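This report describes a predicted model.

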Amino acid sequence: MAKVLKTFTVDEVAKHNKDGDLWVIIDSKVYDLSRFAGLHPGGLGVLLMPSIAGKDATQAFFGLHRHEVLLRPQYARLQIGVVEGQKEIIKPQAADEISNVPYAEPMWLSSGFHSPYYTEKHRTFQKAVRKFVTEVIAPEAVKCEENGKKISQEVVDKLCEMNILAMRIGKGKHLKGRILMGGLITPEEYDYFYELIINFELGRLGTRGFVDGLLAGGVIGIPPILNFGSPEVQEKFVPELLSGKKYACLAITEAFAGSDVSSIQTTAERDGDEWVIIGTKKWITNGTFSDFFTVGCKTGSGFTVILIPRSDNVETKAIKTAYSSTAGTAYVTFENVRVPVSYTLGQVNAGMKVILSNFNHERWMICCTSLSAQRKIVEECMKWANQRIVFGKPLNSQAVIRAKLANMIARVEAAQSWLESITYQMNNMSYSEQSDKLAGPIGLLKQFITRTGRESAEDATQIFGGRGMTQSGMGKLVENYHRTSPYDSILGGAEDVLGDLGVRQAIKKMPRNARL
Ligand code: HEM
């Protein structure tokens with residue numbers, strides 16, 4: 001039964017203003033802090049200040065805590081009543097609600113704005129994905145980001161029931177016959193804007209390690225199986241991978257070679273009908289918990305991609321990095337691993353084609369999640385600069401803060417327009433056309449998004465001050481973003497290499513008759 005809340009006058013509340021008998025008002029609600037005060041993480045003294053004890057502490061509270069503090073059950077139950085004649089103003093966002101903070105949402109979602117790219121179905125889909133992410137994924141994200149554990153099977157099962165993993169792999173035959181997001185759209189209707197929406201909803205979680213832990217290894221490790229595996233290999237492994245019963249990852253990078261894929265040293269030698277693989281791989285996302293490894297191997301003077309199931313000869317060790325170990329970042333060792341030659345993905349010595357065709361989609365996905373995380377930081381800064389009082393005025397009354405916000409907003413809006421324009425091209429090009437025409441633009445876009453992301457992370461940290469360096473409390477999302485935004489500039493291809501790729505591709509396409 002819901003607790004019946006009493007009504008108090010401001011004068012009644014004011015009488016409870018000392019240690020042992022301490023009430024405060026926050027946003028029209030009356031809290032009895034008498035017993036909690038001694039346990040308060042911010043100390044007893046601050047609560048006994050004459051401007052706080054027995055008074056309306058709304059402004060002081062929201063200058064020091066995130067709203068979610070009041071929603072935690074152990075604190076929500078401190079509320080004993082409401083103030084007569086007052087109404088609650090600050091409400092938590094509903095699970096599928098759009099933020100009305102300016103620039104917190106992409107323009108197409110903002111009330112009163114329009115877009116040529118999204119239909120009503122995209123809007124319905126976005127609402128459903130946001131609800132799912134808020135209700136099912138977000139609580140898990142916060143937990144795993146903190147304790148570093150792998151995403152739970154329970155959440156993976158729910159995710160795969162909606163076919164979110166399958167949808168994150170893009171359009172294609174793997175979606176055939178699947179019920180997408182509980183039947184909201186058909187596989188035939190599915191396009192890259194739906195996928196963009198999923199990536200955006202995940203990116204705004206503000207838990208960067210977990211976003212990778214959320215089977216990102218599969219998102220990049222499964223496509224080579226789908227596009228280059230033999231029908232038997234696909235039939236054998238894809239169903240359990242897309243249903244989340246087994247996990248996959250992409251294992252290309254080594255301590256010996258990162259962006260320079262041709263320098264890798266893991267070897268695969270043929271012995272009858274088997275490959276014998278020896279070597280190591282480093283920084284492999286989801287590697288610690290993967291059952292399958294899509295591995296780049298040197299085969300003589302060539303390069304071949306081979307699917308390697310986990311066995312006793314495959315060892316994975318967690319690598320401690322700056323982001324949460326929930327991502328499962330691993331050092332992987334292959335010690336004379338034997339797999340059938342039929343597990344080759346694509347042609348022998350044609351592995352570069354397999355890897356390059358995979359890159360565009362991976363980089364585009366990083367563009368989506370990274371930009372969405374950057375936009376979330378704009379929202380955090382807009383809110384903080386509005387509610388934080390300094391020198392007697394809101395922080396956003398300082399011109400220097402507004403200048404930072406202007407730059408942050410311009411960066412996300414510019415990137416959003418470019419990303420949506422590229423996504424539109426993806427929808428209207430075949431896979432091979434995309435590889436030819438979009439590798440350059442996607443490389444340049446990724447460079448732009450990750451570089452501006454780090455600039456925004458810097459600006460946000462300056463706006464939040466010390467709180468932007470603290471893993472809990474007001475600035476926790478800014479701290480996470482500042483610490484982890486460099487990941488996006490490295491994963492899927494280092495920023496400078498991608499910028500260079502974009503320009504090299506453009507140079508290659510220069511018309512022979514071009515002259516000033
Ligand atoms: C229902 C009432 C309150 C609850 C449940 C509460 C709870 C908390 C919690 C959980 C923290 C740890 C930091 C965080 O998670 O955000 C905290 C910190 C703090 N609280 Fe409160 N608090 C309450 C009211 C107040 C009020 C009225 C003040 C007024 C001055 C205050 C001042 C502080 C300060 C100064 C800190 C440290 C902030 C920091 O480290 O940045 N609290 N409080």
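Leaving aside residues up to four places away in sequence, Ile 306 is in contact with Ala 268, Trp 275, Ile 277, Val 295, Cys 297, Val 339, Tyr 343, Thr 344 and Leu 345. A second, separate core of 14 residues includes Leu 22, Val 24, Val 30 and Leu 33.

Ile 306 is also among the residues with the most contacts inside the largest nonpolar core, together with Ile 277, Ile 308, Ile 377 and Cys 381. This core has 109 residues. Helix H13 (residues 351-387) supplies the largest share of the core, 14 residues.

## Strand E10 and its partners

Strand E10 spans residues 302-309, and six of its eight residues are buried, so the strand is largely enclosed by the rest of the structure. Strand E9 (residues 292-299) pairs with E10 in the antiparallel sense over eight bridges. Within this pairing, Gly 296 has Val 305 in E10 as its bridge partner. Two residues lie between the strands of the E9 and E10 hairpin, where Gly 300 adopts a positive phi near 70°.

E10 also pairs with strand E13 (residues 344-345), again antiparallel, over two bridges. Here Ile 306 stands opposite Thr 344 in E13; Thr 344 is also one of the contacts of Ile 306.

## The five-stranded sheet

An open sheet is formed by five strands in the order E1-E5-E4-E3-E2, with mixed pairing.

E2 runs antiparallel to strand E3 (residues 21-26), and two bridges join them. Asn 17 stands opposite Leu 22 in E3. Leu 22 also belongs to the second core, which is separate and has 14 residues.

## Helix H14

Helix H14 (residues 399-427) contains 29 residues. From its first C-alpha to its last it reaches 42 Å, close to the 42 Å expected at 1.5 Å a residue.

The buried residues of H14 are Ile 401, Lys 404, Met 408, Arg 411, Val 412, Ala 415, Gln 416, Leu 419, Ile 422 and Met 426. An α-helix has 3.6 residues a turn, so residues three or four places apart point the same way. The cover over the buried residues of H14 includes helix H8 (192-203), H13 and helix H15 (431-464).

Terms used:
Residues numbered from 1 in each chain as written. Predicted model: local features only at pLDDT ≥ 70, side-chain atom pairs only at ≥ 80, totals over all residues. Pairing = 2+ DSSP bridges. Helix = DSSP H or I, 4+ residues; strand = E, 2+ residues; numbered from the N terminus. Core = buried A, V, L, I, M, F, W, Y, C linked by C-beta atoms within 7 Å. Buried ≥ 20, exposed ≤ 12 C-beta atoms within 10 Å, placed from the backbone. Contact = placed C-beta atoms within 7 Å. Expected span 1.5 Å × (residues − 1).
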